[in-house]
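Please have the sequence and the structure open before you, as I shall refer to both throughout.

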Amino acid sequence: MYKLILDSDSLIKLTHAEMLNKICETFECITTTEVKRETVDEGKKRFYPDADIIEDLIKNQLIHIKDTKRLIGAKPNLGLGEISVFSLSIELKNSLIVSDDQTFIKELEKQNINFLVPSDLIILLKRRNKINLAEAKYYLEKLKTFIRDDNYNKIKKELEEK
């Protein structure tokens, strides 16, 4: 089973696309205390509805909170959430970071660390027969306004080939 380490960006986008529950039911989902603080604690202060959804998934143990033993040195333009996710991914074997934050992705590519963007999860769910084609297209359309056009077009093309 995949261990997905989710950053704030991916948690929020997957919630808005109404697919976070399905992701958490299918894969082992992990985040850090810092990401929880950003998405849940700060989100609730701002009355963001996704904060309650993420909090419920944490309470129901569908998203696990794990902290890194040590934070890898600060990287320019990365927040504490990304640094904590980056550090945790080094400690957890067989894990994949999920993010759509372009600055973070550039750093992951530079460090040769594997990652997925939220739209990639649609294909994973489809391949594992957790969703059908209609559901995959629905999730992709819900994500459309939150993701880059190239990611949208890549997933749309892959779904059309099936």
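I begin with a term: a residue is called buried if its relative accessible area is under 20%, exposed if that area is over 50%, and partly exposed in between, using a 1.4 Å probe and protein chains only. A second convention concerns the names of elements: helices (H or I, at least four residues) and strands (E, at least two) are DSSP runs, numbered from the N terminus. The model is predicted, and local features need pLDDT of at least 70, side-chain atom pairs count only at pLDDT 80 or more, while totals for chains, interfaces and linings use all residues. Residues are numbered from 1 along each chain as its sequence is written, and side-chain values use heavy atoms, with hydrogens and water left out.

Let us turn to the sheet. In general, strands of a sheet pair through backbone hydrogen bonds, either parallel or antiparallel. Here, two strands are said to pair if DSSP finds at least two bridges between them. The model has an open sheet of five strands in the order β3-β2-β1-β4-β5, and the pairing is parallel. Because β3 (63-65) and β5 (115-116) stand at the edges with a single partner strand each, one side of each has no neighbour in the sheet.

Strands β2 and β3 run parallel and are joined by three bridges, with I30 opposite H64 of β3. Three bridges also link β1 and β2 in the parallel sense, and I5 has I30 of β2 as its bridge partner. Finally, β4 and β5 run parallel with two bridges between them, and V98 faces L116 in β5.

How are the two faces of β4 placed, covered or open? Both are covered: S95 and I97 on one side, and L96 and V98 on the other, are all buried.

Together, β4, helix α6 (residues 102-110) and β5 form a right-handed β-α-β unit. Right-handed means that, with the strands pointing away from the viewer, the path from the first strand over the helix to the second runs clockwise.

At its start, a side-chain oxygen of D7 comes within 3.3 Å of the backbone nitrogen of D9. Just after α1, E18 adopts a positive phi of about 65°.

Within α1, S8 is buried at a relative accessible area of 11%. Its side chain makes a polar contact of 2.5 Å with that of E38. A polar contact is a pair of N or O atoms within 3.5 Å; within protein, one must be able to donate a hydrogen and the other to accept it, and residues adjacent in sequence count only if both atoms are side-chain atoms. Leaving aside residues up to four places away in sequence, S8 touches V35, E38 and T39, where contact means heavy atoms within 4.5 Å.

Which residue's side chain does T32 join in a polar contact? The partner is S84, at 2.7 Å. T32 lies in the loop between β2 (28-31) and α3 (33-45), and its relative accessibility of 0% makes it buried. Setting aside residues up to four places away in sequence, T32 touches I65, K66, D67, G81, S84, V85 and L88.

S87, in helix α5 (residues 80-91), is also buried, at 1% relative accessibility. Beyond residues up to four places away in sequence, S87 touches T68, R70, L71 and I72.

My last topic is a pair of helices. Helix α7 (residues 120-127) packs against helix α9 (residues 149-160) at an angle of about 20°, with axes 9 Å apart. The two are therefore roughly parallel. Axes are lines fitted to C-alpha atoms, for helices over the stretch in contact, and angles run from 0 to 180 degrees between N-to-C directions. Angles under 35 degrees count as roughly parallel, over 145 as roughly antiparallel, 65 to 115 as roughly perpendicular, and the rest as oblique. The contact is made by D120, I122, I123 and R127 of α7 with K154, I155, E158 and L159 of α9.
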